[in-house]
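Please open the model in your viewer, with the sequence panel beside it, and follow the stops below in order.

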Amino acid sequence: MTAEAIPASWQAALEPVLKTPEARRLGGWLKAEEAAGRVVYPPRGERLTALQATPLEGVKVVILGQDPYHGAGQAHGLAFSVMDGVRPPPSLMNVFKELESDCGIARPQTGNLTPWAEQGVLLLNNTLTVQEAQAGSHAGRGWDAITDAAVEAVAERDAPCVFILWGSHAQKKAGRVPGLGRRADHLLIKSPHPSPLSAHRGFFGSKPFSQANAFLEANGMEPVDWSL
């Protein structure tokens, strides 16, 4: 479907949906878009970075995003993250502002969130590709079923997990995943998106990072070191 290997820990959860006609159509559509000269982000080889960086059995926090950054050099497969040396976009800057307010961690010198992913924070966008300069351009093309399956696989495990849902897209996704609504042992943290358009409507002051760590510690798990 994506011409990228599904990491071993996620294969059982994702293979059924990847065999569907919808997934095959998505793969064909992406190839056609690139063949037509349209620039797609992130580049091939980086579209499943979130799953590669965070094995299913190690997930303890899920942060759900909408779709990848659509500027050149920004998206690399982790929601909200940019590589070292890339200026953090406004939404990520607001994440860092809330991190400082919540945990006293000064703004990092990098926007690369890979250290979070390596500690069990699944940084997953709802849609895993986007056309250059066109936010939301790949929504509804077939990624939803795949990322729904990934979130459901986390929600159906025995281990409790924190789900951080920023914005309406992430919160709608939670409604599509049965385990999130049924399992009382998960923590759902909901707030507006960190975008400059909505951050002042309740994202600032929501304290997602300290809430997540308090929950993890209460359940006998290591807290996340949110510093970068």
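How many aromatic pairs does the structure hold? In this predicted model, there are 7 aromatic pairs, and the tour begins with two of them.

**First stop: the rings around Trp-166**

Select Phe-80 and Trp-166, whose rings form an edge-to-face pair, with 5.3 Å from centre to centre and 80° between the planes. Because Phe-80 sits in the loop between β2 (61-65) and α4 while Trp-166 belongs to strand β5 (residues 162-166), this pair ties together parts that are 86 residues apart in sequence. Both Phe-80 and Trp-166 are buried.

Are Trp-166 and Phe-203 buried or exposed? Trp-166 counts as buried because its relative accessibility is 2%, and Phe-203 counts as buried because its value is 0%, the cut-off for buried being under 20%.

Now widen the selection to Phe-80, Trp-116, Trp-166, Phe-203, Phe-204, Phe-209 and Trp-226, which ring pairs link into a cluster.

**Second stop: Asn-112**

Display the side chains of Asn-112 and Thr-114, and you can trace the polar contact of 2.6 Å that joins them. If you then set aside the neighbours within four places in sequence, the residues in contact with Asn-112 are His-76, Ser-81, Val-82, Met-83, Asp-84 and Leu-228.

**Last stop: the largest pocket**

Which residues lie nearest the centre of the largest pocket? Select Gln-66, Asp-67, Pro-68, Tyr-69 and His-193, which hold that position among the 26 residues of the lining. The volume of this largest pocket is about 380 Å³. Colouring the lining by class would show 11 nonpolar, 13 polar and 2 charged residues. To finish, highlight helix α7 (residues 168-176), which gives the most to the lining of the largest pocket, contributing 3 residues.

Methods
Residues numbered from 1 in each chain as written. Predicted model: local features only at pLDDT ≥ 70, side-chain atom pairs only at ≥ 80, totals over all residues. Heavy atoms only, no water. 1 Å grid on protein atoms, 1.4 Å probe; cavity = no way out; pocket = protein on both sides within 12 Å on 5 of 7 lines; lining within 4 Å. Points joined across faces, edges and corners; volume = space filled by probe spheres on them. Helix = DSSP H or I, 4+ residues; strand = E, 2+ residues; numbered from the N terminus. Nonpolar A, V, L, I, M, F, W, Y, C, P; charged D, E, K, R; others polar. Polar contact = N/O pair within 3.5 Å; in protein donor to acceptor, adjacent residues only side chain to side chain. Contact = heavy atoms within 4.5 Å. Phe/Tyr/Trp six-rings, centres within 6.5 Å; stacked < 30°, edge-to-face > 60°. Buried < 20%, exposed > 50% of the residue type's maximum accessible area, 1.4 Å probe, protein only.
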